[in-house]
Amino acid sequence: MNGTPLQLTLRETRRHFSDPRTLAGMGIVALVLGMSGPFGTFAKLPLLPLLAYWAAIVVLTYAGGFLAAAYIEHRGVRRLPRWARIVVTGLPSGVVATIAVVAINAVTFGPGAMNPGEIGILFLNSILVALAVIAISMLIASAIRARNPAMAATATPPAILARIPLPQRGTLLALSVEDHYVDVITDRGKSLVLMRLADAMRETGSVEGLQIHRSHWVARAAVVRAHKSAGKLVLELSNGLKLPVSRGFLAEVRAAGLTM
């Protein structure tokens with residue numbers, strides 16, 4: 001449960017499904033499907049069970065697909081070309097959606113509700129739908145970034161990375177003071193840069209993070225858990241690094257939700 005991709009996936013999923021727009025969207029789709037009763041379900045179930053059936057289908061397939069896609073993305077897929085990202089994230093999403101539909105049909109209509117041929121067709125359709133949804137989502141995101149410079153800046157690597165060797169340039173995780181140097185820590189390693197921490201923090205760009213100690217800054221997405229050690233709060237990062245939180249920054253860390 002403490003693996004980096006899984007922790008980041010669960011955190012992203014919690015944020016996504018706490019968004020009222022996500023819940024409203026699933027509710028509308030479930031209501032439309034429940035009232036129309038496609039694939040012969042209108043004749044098989046009364047209205048309330050029909051609505052519950054399609055609500056379960058929508059929630060489980062969407063949530064399962066989102067989890068699968070997010071987990072794969074956090075395994076480093078973002079470095080792949082767009083077409084490869086679509087395939088690599090779409091296939092597992094389709095598999096999860098297929099399993100969810102087969103399980104719900106088995107519970108609702110009985111274990112033999114779907115024969116192997118129907119499951120095969122469902123699997124193919126689920127894969128195609130997942131690939132299409134992910135492709136459209138990526139295209140929309142690219143179009144939005146192209147029209148909105150502020151969002152486009154989010155995809156721009158932080159300036160601090162230009163100061164370190166190419167092999168260490170990856171996802172920025174933390175900054176730590178070491179004598180007169182700042183240790184720039186990424187998911188590909190770390191490198192020392194001769195500069196002040198305050199100046200280094202100004203070069204983190206659009207990476208969301210906060211200072212937790214006079215000698216340490218962390219990216220919020222890099223924090224996988226918080227725990228007490230010798231009576232002091234410690235944040236553990238995705239690369240296994242543990243950094244202490246000083247008393248003066250404790251309020252900011254709590255406000256950022258990193259102590260949960």
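Me: Two strands pair if DSSP finds at least two bridges between them, so over how many bridges do strand 6 and strand 7 pair, and in which sense?

Reply: Strand 6 (residues 223-229) and strand 7 (residues 232-237) pair over six bridges in the antiparallel sense, where strands (E, at least two residues) and helices (H or I, at least four) are DSSP runs numbered from the N terminus. This is a predicted model, in which local features need pLDDT of at least 70 and side-chain atom pairs count only at pLDDT 80 or more, while totals for chains, interfaces and linings use all residues. Residues are numbered from 1 along each chain as its sequence is written, and side-chain values use heavy atoms, with hydrogens and water left out.

Me: What is the strand order in the open sheet?

Reply: The five strands run in the order 3-2-1-5-4, with antiparallel pairing. Strand 3 (189-194) and strand 4 (209-213) are the edge strands, each pairing on one side only. Within this order, strand 1 (residues 172-178) and strand 2 (residues 181-186) are antiparallel over six bridges, and I185 in strand 2 is the bridge partner of A174.

Me: And what about phi at D179?

Reply: D179, in the loop between strand 1 and strand 2, has a positive phi near 60 degrees although it is not a glycine. Most residues other than glycine have a negative phi.

Me: Why does D179 count as exposed?

Reply: Because its relative accessibility is 71%, D179 counts as exposed; the cut-offs are under 20% relative accessible area for buried, over 50% for exposed and partly exposed in between, with a 1.4 Å probe and protein chains only.

Me: Where is F39, and what is its phi?

Reply: F39 lies in the loop between helix 2 (20-36) and helix 3 (41-44), and its phi is positive, about 60 degrees. Its relative accessibility is 74%, so F39 counts as exposed.

Me: Switching topic, how far does helix 5 reach?

Reply: Helix 5 (residues 82-109) has 28 residues and spans 40 Å from its first C-alpha to its last, close to the 40 Å expected, which is 1.5 Å times one less than the number of residues. Just after helix 5, G110 takes a positive phi of about 110 degrees.

Me: Which of its residues are buried?

Reply: The buried residues of helix 5 are A84, I86, T89, G90, S93, G94, A97, T98, A100, V101, I104 and N105. V87 is also found in helix 5, but V87 counts as partly exposed because its relative accessibility is 36%.

Terms used
Two strands pair if DSSP finds at least two bridges between them.
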